[in-house]
Amino acid sequence: MTELFAYTDGACSGNPGPGGWGVLLIAKNGETVLKERELNGGEAETTNNRMELLAAIQALEALERPSTLTIITDSAYVKNGVTGWIHGWKANGWRTSQKKPVKNEDLWRRLDEAQGRHSIQWEWVKGHAGHPENERADALARAGMKPFKPKKT
(Lines give C-alpha, C1' and ligand atoms only; values in the text may rest on other atoms or scores of the structure.)
Protein backbone atom coordinates (compact mmCIF):
# COMPACT_ATOMS: atom_id res chain seq x y z
CA MET A 1 0.00 0.00 0.00
CA THR A 2 1.34 3.41 -0.96
CA GLU A 3 1.70 5.97 1.82
CA LEU A 4 2.31 9.70 1.33
CA PHE A 5 4.44 11.83 3.64
CA ALA A 6 5.09 15.58 3.58
CA TYR A 7 8.04 16.93 5.57
CA THR A 8 7.69 20.68 5.99
CA ASP A 9 9.92 23.41 7.38
CA GLY A 10 10.25 27.18 7.46
CA ALA A 11 13.27 29.41 7.98
CA CYS A 12 13.80 33.10 8.59
CA SER A 13 16.89 35.29 8.82
CA GLY A 14 15.84 37.76 11.46
CA ASN A 15 12.27 37.59 12.63
CA PRO A 16 10.94 39.43 10.68
CA GLY A 17 13.31 39.27 7.76
CA PRO A 18 13.89 37.26 4.61
CA GLY A 19 12.38 33.80 4.88
CA GLY A 20 11.90 30.53 3.09
CA TRP A 21 9.79 27.41 3.19
CA GLY A 22 10.57 23.87 2.12
CA VAL A 23 8.60 20.69 1.47
CA LEU A 24 9.77 17.15 0.83
CA LEU A 25 6.95 14.94 -0.47
CA ILE A 26 7.64 11.20 -0.38
CA ALA A 27 5.44 8.35 -1.61
CA LYS A 28 6.40 4.99 -0.08
CA ASN A 29 5.33 1.38 -0.29
CA GLY A 30 6.57 -0.02 3.00
CA GLU A 31 10.21 1.08 3.23
CA THR A 32 10.55 1.47 -0.55
CA VAL A 33 10.52 5.07 -1.79
CA LEU A 34 8.42 5.23 -4.95
CA LYS A 35 8.65 8.95 -5.66
CA GLU A 36 10.03 12.15 -4.15
CA ARG A 37 9.22 15.77 -4.92
CA GLU A 38 10.90 18.86 -3.49
CA LEU A 39 9.24 22.28 -3.27
CA ASN A 40 10.47 25.57 -1.89
CA GLY A 41 10.07 29.32 -2.05
CA GLY A 42 10.46 32.42 0.02
CA GLU A 43 9.66 36.03 0.73
CA ALA A 44 11.70 39.16 1.32
CA GLU A 45 10.02 40.22 4.59
CA THR A 46 8.27 37.62 6.71
CA THR A 47 8.42 35.64 9.95
CA ASN A 48 9.43 32.11 10.83
CA ASN A 49 5.85 31.18 11.79
CA ARG A 50 4.52 32.41 8.44
CA MET A 51 7.09 30.30 6.60
CA GLU A 52 6.23 27.21 8.69
CA LEU A 53 2.55 27.71 7.84
CA LEU A 54 3.29 28.33 4.16
CA ALA A 55 5.30 25.10 3.94
CA ALA A 56 2.30 23.07 5.14
CA ILE A 57 -0.03 24.98 2.84
CA GLN A 58 2.21 24.46 -0.18
CA ALA A 59 2.48 20.73 0.57
CA LEU A 60 -1.30 20.39 0.55
CA GLU A 61 -1.92 22.68 -2.41
CA ALA A 62 0.63 20.74 -4.49
CA LEU A 63 -1.52 17.60 -4.29
CA GLU A 64 -3.68 17.33 -7.39
CA ARG A 65 -6.39 15.14 -5.85
CA PRO A 66 -7.73 14.44 -2.36
CA SER A 67 -5.15 12.36 -0.54
CA THR A 68 -4.43 10.57 2.70
CA LEU A 69 -1.09 11.69 4.06
CA THR A 70 1.08 12.32 7.09
CA ILE A 71 2.53 15.81 7.50
CA ILE A 72 5.65 15.92 9.63
CA THR A 73 6.64 19.35 10.94
CA ASP A 74 9.13 20.61 13.48
CA SER A 75 6.79 23.51 14.27
CA ALA A 76 4.73 23.02 17.43
CA TYR A 77 2.95 26.27 16.41
CA VAL A 78 1.67 24.67 13.20
CA LYS A 79 0.86 21.26 14.67
CA ASN A 80 -0.86 22.59 17.79
CA GLY A 81 -2.64 25.29 15.83
CA VAL A 82 -4.06 23.04 13.13
CA THR A 83 -5.00 20.15 15.42
CA GLY A 84 -6.34 22.17 18.34
CA TRP A 85 -6.37 25.95 18.50
CA ILE A 86 -7.96 26.51 15.09
CA HIS A 87 -11.29 25.06 16.22
CA GLY A 88 -11.64 27.67 18.97
CA TRP A 89 -10.44 30.48 16.71
CA LYS A 90 -13.07 29.66 14.12
CA ALA A 91 -15.80 29.41 16.76
CA ASN A 92 -14.69 32.80 18.17
CA GLY A 93 -14.68 34.59 14.79
CA TRP A 94 -10.89 34.23 14.38
CA ARG A 95 -10.19 35.63 17.83
CA THR A 96 -7.97 34.07 20.50
CA SER A 97 -9.30 33.11 23.93
CA GLN A 98 -8.08 36.58 25.02
CA LYS A 99 -10.37 38.10 22.31
CA LYS A 100 -7.37 39.30 20.26
CA PRO A 101 -7.14 38.79 16.49
CA VAL A 102 -5.41 35.54 15.51
CA LYS A 103 -1.90 36.22 14.20
CA ASN A 104 -1.38 35.01 10.62
CA GLU A 105 -5.14 34.61 10.19
CA ASP A 106 -4.79 34.76 6.40
CA LEU A 107 -2.50 31.72 6.37
CA TRP A 108 -4.49 29.82 9.00
CA ARG A 109 -7.61 30.24 6.86
CA ARG A 110 -5.71 29.09 3.79
CA LEU A 111 -4.33 26.06 5.65
CA ASP A 112 -7.80 25.21 6.96
CA GLU A 113 -9.20 25.31 3.43
CA ALA A 114 -6.28 23.33 1.97
CA GLN A 115 -6.57 20.55 4.55
CA GLY A 116 -10.32 20.27 4.08
CA ARG A 117 -10.06 18.02 1.03
CA HIS A 118 -7.47 15.66 2.50
CA SER A 119 -7.23 13.11 5.31
CA ILE A 120 -4.21 14.18 7.34
CA GLN A 121 -2.26 12.79 10.27
CA TRP A 122 -0.12 15.57 11.79
CA GLU A 123 3.16 14.68 13.50
CA TRP A 124 5.80 16.78 15.24
CA VAL A 125 9.53 16.04 15.20
CA LYS A 126 12.30 17.90 17.00
CA GLY A 127 14.03 20.20 14.54
CA HIS A 128 17.80 20.19 13.98
CA ALA A 129 18.04 16.80 15.66
CA GLY A 130 19.40 14.75 12.78
CA HIS A 131 16.06 13.55 11.36
CA PRO A 132 17.09 13.05 7.69
CA GLU A 133 13.87 14.16 6.01
CA ASN A 134 13.42 17.11 8.37
CA GLU A 135 17.00 18.17 7.62
CA ARG A 136 16.22 18.00 3.90
CA ALA A 137 13.09 20.14 4.39
CA ASP A 138 15.21 22.62 6.37
CA ALA A 139 17.78 22.78 3.56
CA LEU A 140 14.97 23.41 1.06
CA ALA A 141 13.61 26.22 3.25
CA ARG A 142 17.06 27.82 3.52
CA ALA A 143 17.46 27.51 -0.27
CA GLY A 144 14.06 29.17 -0.71
CA MET A 145 15.18 32.06 1.48
CA LYS A 146 18.51 32.56 -0.27
CA PRO A 147 17.32 34.81 -3.15
CA PHE A 148 15.82 37.21 -0.61
CA LYS A 149 18.84 37.54 1.69
CA PRO A 150 20.93 40.69 1.23
CA LYS A 151 24.19 40.09 -0.58
CA LYS A 152 27.27 40.38 1.66
CA THR A 153 29.91 42.79 0.44
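Guide: What follows is a set of questions about the terms, each answered with a value and its definition.

Visitor: What kind of model is this, and how are its residues numbered?
Guide: This is a predicted model, in which local features need pLDDT of at least 70 and side-chain atom pairs count only at pLDDT 80 or more, while totals for chains, interfaces and linings use all residues. Residues are numbered from 1 along each chain as its sequence is written, and side-chain values use heavy atoms, with hydrogens and water left out.

Visitor: How do you know whether the radius of gyration agrees with that of a compact globule?
Guide: The radius is taken over C-alpha atoms, and the globule rule is 2.2 Å times the number of residues to the power 0.38. For 153 residues the rule gives a value near 15 Å, and the chain has 16 Å, so the two agree. Along the principal axes, the C-alpha atoms fill a box of roughly 50 × 50 × 30 Å.

Visitor: What is Asn-104 in contact with, leaving aside its neighbours within four places in sequence?
Guide: Contact means heavy atoms within 4.5 Å. With those neighbours left aside, Asn-104 is in contact with Asn-49, Arg-50, Leu-53 and Tyr-77. For Ile-120, which is found in strand 5 (residues 119–124), the contacts outside four places in sequence are Leu-60, Leu-69, Ile-71 and Gln-115. In the chain, of the contacts between residues at least 6 apart in sequence, 67% join residues at least 24 apart.

Visitor: What is Glu-105 called on the scale of relative accessible area?
Guide: Glu-105, in helix 3, has a relative accessible area of 25%, so Glu-105 is partly exposed.

Visitor: What makes two strands a pair?
Guide: Two strands pair if DSSP finds at least two bridges between them. Strand 1 (residues 2–12) and strand 2 (residues 17–29) have eleven bridges, in the antiparallel sense. Strand 1 and strand 4 (residues 68–73) pair in the parallel sense over five bridges, and Leu-4 has Leu-69 as its bridge partner in strand 4.

Visitor: Why is strand 1 described as mostly covered?
Guide: Eight of the eleven residues of strand 1 are buried.

Visitor: What is found between the strands of the hairpins?
Guide: Strand 1 and strand 2 form a hairpin with four residues between them, and Gly-14 in that turn has a positive phi of about 85 degrees. The hairpin of strand 2 and strand 3 has two residues between them, and Gly-30 in the turn has a positive phi of about 65 degrees.

Visitor: Why is the peptide bond from Asn-15 to Pro-16 pointed out?
Guide: Most residues other than glycine have a negative phi, and most peptide bonds are trans. The bond from Asn-15 to Pro-16 is cis, with omega near 20 degrees. Pro-16 lies in the loop between strand 1 and strand 2.

Visitor: Which residues have a positive phi although they are not glycine?
Guide: Among them is Trp-94, with a phi of about 60 degrees. Trp-94 lies in the loop between helix 2 and helix 3 and, at 8% relative accessibility, counts as buried. Another is His-128, with a positive phi of about 55 degrees. His-128 is in the loop between strand 5 and helix 4 (132–145), and its relative accessibility is 59%, so His-128 counts as exposed.

Notes
Buried means under 20% relative accessible area, exposed over 50%, partly exposed in between (1.4 Å probe, protein chains only).
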